[in-house]
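Trainee: I have the file open and would like to walk through it with you. Could we start with how you decide what belongs together?

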There are 4 protein chains.
Amino acid sequence: MSKIKVGILGATGNVGQRFVQILHNHPWFEISALAASERSAGKAYGEVANWKVGTEIPDSVADLEVVTIDPKKIDADIVFSAVPSDFAKTVEESFAREGFVVSSNASAFRMEKDIPLAIPEVNPDHLGLIDIQKKNRKWDGCIVTNPNCSTIMMAVTLKPLLQFGLESVNIATMQAISGAGYNGIYAMSIYENVVPYIGNEEEKIQTESLKIFGHFDGSVVKNADLKISASCHRVPVIDGHTEAIWATMKSNPKPEEVREAFLKFDPGLSHLPTEPKHPIIVRDEPDRPQPRLDRDMGKGMSVSVGRIREGIRYVALGHNTIRGAAGASVLNAELLKEKGYL
Amino acid sequence: MSKIKVGILGATGNVGQRFVQILHNHPWFEISALAASERSAGKAYGEVANWKVGTEIPDSVADLEVVTIDPKKIDADIVFSAVPSDFAKTVEESFAREGFVVSSNASAFRMEKDIPLAIPEVNPDHLGLIDIQKKNRKWDGCIVTNPNCSTIMMAVTLKPLLQFGLESVNIATMQAISGAGYNGIYAMSIYENVVPYIGNEEEKIQTESLKIFGHFDGSVVKNADLKISASCHRVPVIDGHTEAIWATMKSNPKPEEVREAFLKFDPGLSHLPTEPKHPIIVRDEPDRPQPRLDRDMGKGMSVSVGRIREGIRYVALGHNTIRGAAGASVLNAELLKEKGYL
Amino acid sequence: MSKIKVGILGATGNVGQRFVQILHNHPWFEISALAASERSAGKAYGEVANWKVGTEIPDSVADLEVVTIDPKKIDADIVFSAVPSDFAKTVEESFAREGFVVSSNASAFRMEKDIPLAIPEVNPDHLGLIDIQKKNRKWDGCIVTNPNCSTIMMAVTLKPLLQFGLESVNIATMQAISGAGYNGIYAMSIYENVVPYIGNEEEKIQTESLKIFGHFDGSVVKNADLKISASCHRVPVIDGHTEAIWATMKSNPKPEEVREAFLKFDPGLSHLPTEPKHPIIVRDEPDRPQPRLDRDMGKGMSVSVGRIREGIRYVALGHNTIRGAAGASVLNAELLKEKGYL
Amino acid sequence: MSKIKVGILGATGNVGQRFVQILHNHPWFEISALAASERSAGKAYGEVANWKVGTEIPDSVADLEVVTIDPKKIDADIVFSAVPSDFAKTVEESFAREGFVVSSNASAFRMEKDIPLAIPEVNPDHLGLIDIQKKNRKWDGCIVTNPNCSTIMMAVTLKPLLQFGLESVNIATMQAISGAGYNGIYAMSIYENVVPYIGNEEEKIQTESLKIFGHFDGSVVKNADLKISASCHRVPVIDGHTEAIWATMKSNPKPEEVREAFLKFDPGLSHLPTEPKHPIIVRDEPDRPQPRLDRDMGKGMSVSVGRIREGIRYVALGHNTIRGAAGASVLNAELLKEKGYL
C-alpha cells in the first residue's frame, strides 16, 4: 500500500514541528507538503523552521521546500492544521471546499454544530457529523477538530468515570509554557512565578467538554448534562499540563473503584499507529504523575493519572503539544482513515 | 516602655531567619536569645546562620552568640518556635512549663484541645483557650500555635465569606519550594516540573480549618461544619503559595458581592505592628495575584486575591514563610501582648 | 536645602522603574516628572507603569501624571534617561540643548569623545569632559553616561587591580534575564537553558572598558592599553549578572594580594547617598557570590567578589538594573552635584 | 555472533540509568547484571531504580533482579562502573582482579600511571597502557577510565586544535544540575541562581587534560605541556554542560580556520555503535549551541560548538551524563572490543 499524502499547515510553529516529528516516519502517512507564511515560502524547511522540539530535524523533511498555505500549492489527501485560530476560519474552509480532509488543532470550528470535536478514545461516533457537514456545506472535503490541550487530558480521564454517573467537575490546571507557542510568554512573566490566567482557556474547557461528552443521535450532538468549573494557571514547565481534578459522581465510587476503571479503560484503538498501548497510565507512587518524568509516556500520547483520593480527587497529566495537539489531530486522521473518510 | 525580650528557637533555619528579619527592628519586641542545635551553640549567629533570606543579616543580631534550645539558657518572656515538629513536642512543653509564652509555628500542638490554633484576623477569641490550658496543664507559661502556611492563606480569605454561609471548599495549591526548608527538595525533583504531593499537607489544610473556624464557647472549640477538600502541589517558585479556591456558600453570592466582602474585610487589628494595612488585597487585573510580584505585599503579611469568578472561584496568594509562618507567630504574639497574656 | 528636581525619561520600563525605586526617597533629589511614550502620557504613573520590581509602588509617585518625553513638558534640573538606545540619540541631545543635565543609562553617546563614560569609583575625573563637551557642542546642558551593566561590575573590580599592572582580561558573563527588559526574552528561549549570545554585549564590554580606564589629560581621554576578551551568556536568573574573570597583571600578584586590594578598595565616596558602605564586598565562602543571595547587597549597589584563585581568576557579581543601570546613573548625578555641575 | 555480557555497577543512580538506556538495545552488548547497594539487591530493577531519565524504563531490564556489587554475583565480561568515587577504588580493583574488564566513569583510578584515561576520539592509543597495567598489577582483568564530564567536552574540541600548536586554555563552565546526581543539589541552592563552585571540578579539568593530551611512548604517558585554567559554575539547567573556551595557539589561526578544523575532525570511529556521525557539530547560528536544544544531538554523544571568534574563543556543549559519562564509558568499551581487549 502506498502511503497517504499529508500536508501540514503552519508547519514551522511549535505544534507544526510536533506534526512533523510525529508524521515523518508514520506507517500510513507521508509528508508531501509543508505550508507556512509567505515569509518562509520558497525556502527549505530546515532553513526556516528554527527547529526547537529537542530531537534533530529529520533529514527527509529538512530539504522540503516550504509552500504558502494555499490549496492549489498542496498535493495531499489530508492536511493537518496548526494555523492560528483567527486565521484558521478562512484557511480551513478553503481547504475543505477544495476537497481536502482537514484535521485541525485550531479552535475556529470546534463549536460549530456540524463539525466533529473528536477524541478517538472518548467520542469516536461524533465523526458521523462529517456526513451531516458535507450535506450542509456542500464541501468536497471536510473538517474535523480536536479539543483544546487541557480539555483533552481531562476528557480522556473522565471517559471511564461516566459509568459512575459523572455530574460535575472542578479542575485546576498547571499548564506548560509551550502551550502558548514559542513566542507566547516572556521569561520575566513566568520564571520563578505562577500566572493564574490563560486567555479563554477556562471557557474552552467548560464548553468543549459539554460537546465532547454530548450524545450524537445521528444528526446532532446534544450537549452533556455536566457542570465543569475550571481554574487555569501557567507554571514554569516546558512541556506537560498537570491537572488537579475533582469529579462528583452519582454512584459515589471509592478511590479503588476509580483506579480500577482507569486501569481497565480500553477504547479498542490499539491498532491505530499513534494510539499508545495505555491511553491512561495509572501511577501508584504517592508523588506522580509529574510533567518532566511522565509527559513522554506512550511517545507523549498517554495521559498519566495518580493520587486518586476520596472526593473523588486525582491528578492527570499529558503532553500538551503531542497528546493535547499534534498527536490528537493525527489520531483523529487515523480513525478517519479506518472509518473510510480518507 | 522597654521592649519585651524574645527568644527564637530554631533560629538558623529558613523560618528562623524570617523570625530574625521580622523581629530585629520590632517596636515592641527585642531579640534577646537565638537558640539552635548544639552544633551552632557558642558561635556568633552571623557565623552559623548561613543567612539566605535575601537581604543582609542585621548587624545587631549577627554578633549574638547562639545558645542551645534550653529554657535555662534563655532570658526572655516569649519564645518563637521554628523547631522541627517532631522535636517541638518536648521542646515547647519544656519552655511552657518553665513559664515562657511559646508562640509556635510547629504543628506538634496545633490540634490539641486546649491549645489555640490562632490567626488574629480569623479567630482571635480562641486565645481564650490559654486560660483553660493553664488550668489543665499547670504550666506557668503557655503555648499558642498558628496554622500550617497554606491553611493560613486560605483561612484569611474564607473568613469574610462566612457571612454567605460557607459550606464547602475545594482548594488546589501551588506551593513554593521554601516551604520545605532549605534542604527539603532536590533541584532534580522540582526544576522544570510540578510535584503533585506534599506530605501531610492536605490533611493539615482539611483538619486545621475545622478547628480554626470552630466555635469557642469559653471552654472548648467545637469544629466547624465545613467540608474542605485539598489537592496540594509543589511548583518551581522560591517563595509564595498560590491557591485556586472553590467556595460553595448557602446564599450563593455573586462574584461582585464576594469582591466587596474581601474589600471590606477589616479585622480591626491595624494597631498591631505586624498587621498590614490591608490583610486582604484585591487585585482586579485579569492575571494577578502572582507569587513573584505579590508575595511581598504588606511586607509579606497581606494575602492577595484575584480572579473572583462564578463558582465562586478565586485565586489567593501569600508569602509562605512570612504570612504563613514567622509573621503569623509574631502577629499572634502581638495580640497576646495586647490581650494581657504577655 | 530644597531638593533638586529630577525627571525620569522612559519611566515605565524595567530600568525606569528602578530609577523610581531609587529616587523616590532620595535625600537630595525629588521626582518632579515621569516621562514615557505617548501611549502612557496623561495617565497616572501607577496606572500605566505595570509595576514589576517586586516591592510596592510608592504612593507618592503612583499618582503622578505621566508626560511625554519632551523638554518642554518637564520641570527639572536633571533627567535620568532609560530610553531605548536608538531613540536616545535625539532625545538626550534635545534635553541637553535645552539646558538639562542628562544622566543616561543608554548607549547612544557612550563612546563619543567629549561625553564622559563614568563610574564614580573608577574614573570620576572623566567628568571633566563636560567642560569640553559644553564648549564643543554649545549646549546649555550636558550629557553624562554610565557604561553597560556587565562592563560596570567588571570595571569596579578591575580598578583596584590597576596597581598590579593590569594587562589583559578574559571575561565570561552569566547574565540575568531582566537585562533584556521585561519583553526581551521569551520563556521558551531561556528556561532550563543557557543562551551563549547577547547582541553587542561583548563589543560593549571590550570597547567601553578601554575608554573607562583611559587617561583623561584635561582635553581628551586616551584609551587604556588593555586587552579585553568577552564571552557573554544569558542564564535563567531574574536579576544579577555573574562574571568569571581572568586578569593578567604585570606584577603577577598572589590571590591573597588581590583579595587585600579588593578589601582595601575605598574610592572615598561614602558621603554620596547611593554609594554603598562597601563598593566591593569580598566573600570568602567557597561558593559565593551568587546572584539570588548577593545581588541586593548594599541596596543593590555593591559588587560582590569571591573565589579569588591563581590565574588570577575570580568571580564578580552585581545587580544589573541597579548597580549596572539606574543606580549607576544616580551615582553619577550625585557626583555631578558634588562637583558643582548641578 | 552472540552478544557480550555486560554488568552495570551502581545501576540505580543517575549515570547508572544512562548506562541502562544506552546498553539495553546495544548491537554488541547485552545487559546481564545490574548491581547496586544491599538495599536494592534481590528486588526487580524496575521496582528500585526510581527511573528518572525521561523515557520509559525498558521492559527487558525492569524485571532483572538487582544483585550486590560483588564479582561473584555477576556473569559478564565487562562491567561499567558508575559507583561513587570513594567506593570505586576497592570495588573496581576487586572486579579487575577477578578478571573483568572495568570501564569506569569514576575518578578513583583516572590519574594512576598505568590506567588509561581515554576518549576514543582523542587519545585511543592510551589504551596501550592496559598491557603495562596487567603486567604491573598482575590482574586478570583491567581498568579503563574516562575523564570527568566537563573535561570530555573540552578535550574533544581541543583535539582538532592541536595542529595549531595549542598552548593554553581558559575555560568557564556552566554546568547542569544532573552532574551532581539526583540528590546532589537542593532546589533552594540553584533555582533562579548561579553557584560559582563545583567541588574539585576545576582541578579535574586542569589535571586530567594534561594526561589525556600526554604522549604515550609505549610504556608511560608524559603529561602534555599545556596550561589549563578553569572556572566552574552550576546553572539552572537539567542536562548539558556549556563551556566558554579561550584557546591560545602558537600559529594563531583565524576563526575560519578553527571552524574548518572542527568541521573536518574525523577520528575514524564511525563504525563504533555509540560514535555519532559527527563527534563535533559546528553551529553557525549566532546563538547556538544551547543545552536544551543541542544536548541530545547524536543521541547525546555529539559535542556542539559555536560562536567561534577571535581570541580564539568559542562555546562548546555536550550532554553531561551521556557524552560526559555513561556514553563515554560505553564508547571506550567498544574500542576495547575492537582492539581485542574484550
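Mentor: Two strands pair if DSSP finds at least two bridges between them. On that basis, strand 12 of chain C and strand 13 of chain C pair in the parallel sense, over 4 bridges. Please keep in mind that this is a predicted model.

Trainee: OK, which residue stands opposite I280(C) in strand 13 of chain C?

Mentor: The residue opposite I280(C) is V303(C).

Trainee: And which way do the residues of strand 12 of chain C point?

Mentor: I280(C) and V282(C) point one way, whereas I281(C) and R283(C) point the other way, and all of them are buried.

Trainee: What's the strand order in the sheet of chain C that has mixed pairing?

Mentor: That open sheet has 6 strands in the order 10-7-11-14-13-12. Its edge strands are strand 10 (227-234) and strand 12 (280-283) of chain C, each of which pairs on one side only. From one strand to the next, the twist averages 20°.

Trainee: What packs on it?

Mentor: Helix 8 (residues 201-212) of chain C packs on the sheet, where it touches strand 7 (166-175) and strand 10 of chain C, and its direction makes about 150° with that of strand 10 of chain C. Helix 9 (residues 255-264) of chain C lies across strand 11, strand 12, strand 13 (303-309) and strand 14 of chain C, and runs at about 165° to strand 13 of chain C.

Trainee: How many bridges are there between strand 11 and strand 14 of chain C?

Mentor: Strand 11 (residues 241-249) and strand 14 (residues 313-318) of chain C are paired over 6 bridges in the antiparallel sense, and within strand 14 of chain C it is R313(C) that stands opposite W246(C).

Trainee: What about the parallel sheet in chain A, what is its order?

Mentor: It is an open sheet of 6 strands in the order 3-2-1-4-5-6, with parallel pairing. Strand 3 (67-68) and strand 6 (142-145) of chain A stand at the edges with a single partner strand each, so one side of each has no neighbour in the sheet. Strand 5 (residues 101-104) of chain A runs parallel to strand 6 of chain A and is joined to it by 4 bridges, with V101(A) opposite C142(A). Helix 1 (residues 14-23) of chain A lies across strand 1 (4-9), strand 2 (29-36) and strand 4 (78-81) of chain A, and runs at about 160° to strand 1 of chain A.

Trainee: Is N170(D) buried or exposed?

Mentor: N170(D), whose place is in strand 7 (residues 166-175) of chain D, has 16% relative accessibility and therefore counts as buried, since the cut-off is under 20%. Leaving out residues up to four places away in sequence, N170(D) touches N170(C), W246(C), S229(D), A244(D), I245(D) and W246(D).

Trainee: Last one: what rotation superposes chain A on chain B?

Mentor: A rotation of 180°, with 0.0 Å of shift along its axis, superposes them at an RMSD of 0.0 Å. That is the relation of a two-fold axis. Of the interface residues of chain A, 100% are also interface residues in chain B, so the copies meet through the same surface.

Definitions and conventions
Residues are numbered from 1 along each chain as its sequence is written. Chains are lettered from A and ligands numbered from 1 in the order in which they are written. This is a predicted model: local features need pLDDT of at least 70, side-chain atom pairs count only at pLDDT 80 or more; totals for chains, interfaces and linings use all residues. Side-chain values use heavy atoms; hydrogens and water are left out. Copies are superposed by least squares on the C-alpha atoms of residues with pLDDT of at least 70 in both. Contact means heavy atoms within 4.5 Å. Helices (H or I, at least four residues) and strands (E, at least two) are DSSP runs, numbered from the N terminus. Axes are lines fitted to C-alpha atoms, for helices over the stretch in contact, and angles run from 0 to 180 degrees between N-to-C directions. Buried means under 20% relative accessible area, exposed over 50%, partly exposed in between (1.4 Å probe, protein chains only).
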